[in-house]
Amino acid sequence: MGKKIIVIGGGAAGMCAAVYAARNGADVTIIEKNTQLGKKLSMTGNGRCNFSNLNMNAGMYNSSAEKRMKGWLSVYGVLDVINFFKSLGIVIKSEDGYLYPVSGQAQTVVDAFRNELKRLGVKVVYGEQAKSVSVIKGNDAENPDNETYSVVTNLNSYEAERVIIATGGLSGAKSTMSTGDGYYICKQLGMSIKDTYPALVGFKADDCEIMPENGVRCTAEISFLLGTEVVAKEYGELQLTSDGVSGIPVMQASGKVVRLLQEGKPIFASINFFPDYDEEDFLSLEKEMLRLRDNRSLLEFLNGFHNSQINEMVIKRMKMGSTMKMKNISESMVISIFDSYRNFKIKLKDSYGYQKSQVTSGGVSLGDIRDDMTVVSHNGIFVVGELADVDGRCGGYNLQWAFTSGSIAGTVASL
Ligand SMILES: Cc1cc2nc3c(=O)[nH]c(=O)nc-3n(C[C@H](O)[C@H](O)[C@H](O)COP(=O)(O)OP(=O)(O)OC[C@H]3O[C@@H](n4cnc5c(N)ncnc54)[C@H](O)[C@@H]3O)c2cc1C
């Protein structure tokens, strides 16, 4: 029989590690505190599972991880994930480089993992929460590979020659069971944990009065400002809701912005609702519109200009009556209304928090993790997935990391 391996956590990284280890003949048990495997995986990509991206490079990850990611992606990159998915029987497709199962269902991926784990004879213990990992045989300085470990759960204790900790982070709905247990387990083992923050998350507005009651989606450019400094700038489909702002461009910028907000810094989002107009285009649009000033109300006038909900936001921001007749509004006032469509400021209060975030920024310090995913203090313990201090942009990068780290750990653990 091969190496006896315990994988703590049956999410994307843990299941991937278990498959690679078991394919190499290891005796693998997954301990999963939820009643099902891959709960979060089943919710990814709006239920479609954007598992990787053809536009893959280390720059898509947090700056503190970038250098290490280069090496990890060269060992196991996007083509390896594609081949792995094929080996699980999943047919895949690319949408502008974003990779999904053709089925359009994340559950397809979870089911394929479950079937493969079953075929390989991997045991799964459901409903047990790992509490600690400790060394059974004392540290053998001459042969640290001989360490064996005890994994204690709320109900049992298990012995293993290798332990892969894949408990994820803090992001996701309550049902994903993301309560950050791994940070505590790793801390007990002497690892250092970098401060954690929700990432890939939207923001609450400080002034909800001006936000659209029914919510609106629009393509825009959004800049995040600290005073006059632009700390992040993104373009894409925004979602404005009655209490805040989210959508992919906001999520992409959220890593930096959450940290600044938590430090108590005043951050404004400045939205350009005409992102595809350059200065000249916009000025000629303005001119044309100014010629149309007549007996119509401000709201009627603006409704030809942009989306009605956005118009209402602008009118509220300008503190003007929507029924005012255009002919009574001065040209300079109209110009300042138009300008606010290109520089619509929202003061941010806070992020929506871990439960609405897609990934955790921070976690087990990469200084404690070697290139083969073993931890510096123990040759037989591995840390993988979201638990480590790695977070990527929106677009399949976080699942790529889960599979990269999981595959390396599973392979190395089985040797
Ligand atoms: C709504 C949403 C959408 C997302 N969409 C995408 C996407 O399209 N593309 C992308 O790349 N990323 C996406 N992500 C991020 C991605 O899901 C995560 O990066 C990835 O799931 C992390 O994998 P993991 O295995 O490290 O952690 P998880 O998937 O969180 O798995 C950890 C597992 O460990 C278990 N566990 C925790 N503690 C214990 C314990 N003490 N004992 C036993 N078991 C334990 C948990 O129950 C869980 O099953 C999304 C996230 C969310 C929340």
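Which residues of helix α6 (residues 181-188) are buried? They are Asp181, Gly182, Tyr183, Ile185 and Cys186, where buried means under 20% relative accessible area with a 1.4 Å probe and protein chains only. Helices are DSSP runs of H or I with at least four residues, strands are runs of E with at least two, and both are numbered from the N terminus. This is a predicted model, in which local features need pLDDT of at least 70, side-chain atom pairs count only at pLDDT 80 or more, and totals for chains, interfaces and linings use all residues. Residues are numbered from 1 along each chain as its sequence is written, and side-chain values use heavy atoms, without hydrogens and water.

The cover over the buried residues of α6 includes strands β7 (130-135), β10 (162-165), β11 (193-199), β18 (359-364) and β20 (378-383). After α6 comes glycine 190, with a positive phi near 95 degrees.

Isoleucine 165 has contacts (heavy atoms within 4.5 Å) beyond its neighbours within four places in sequence, among them Val133, Ile185, Cys186 and Phe382. Ile165 is also one of the residues with the most contacts inside the largest nonpolar core, alongside Phe113, Val133 and Phe403. That core has 82 residues, and helix α1 (residues 12-23) supplies its largest share, 10 residues. A nonpolar core is a set of buried Ala, Val, Leu, Ile, Met, Phe, Trp, Tyr and Cys residues joined through side-chain atoms within 4.5 Å. A second, separate core of 50 residues includes Ala220, Val245, Met289 and Ile329.

Over the whole chain there are 12 helices and 20 strands, and 53% of the 415 residues are buried.
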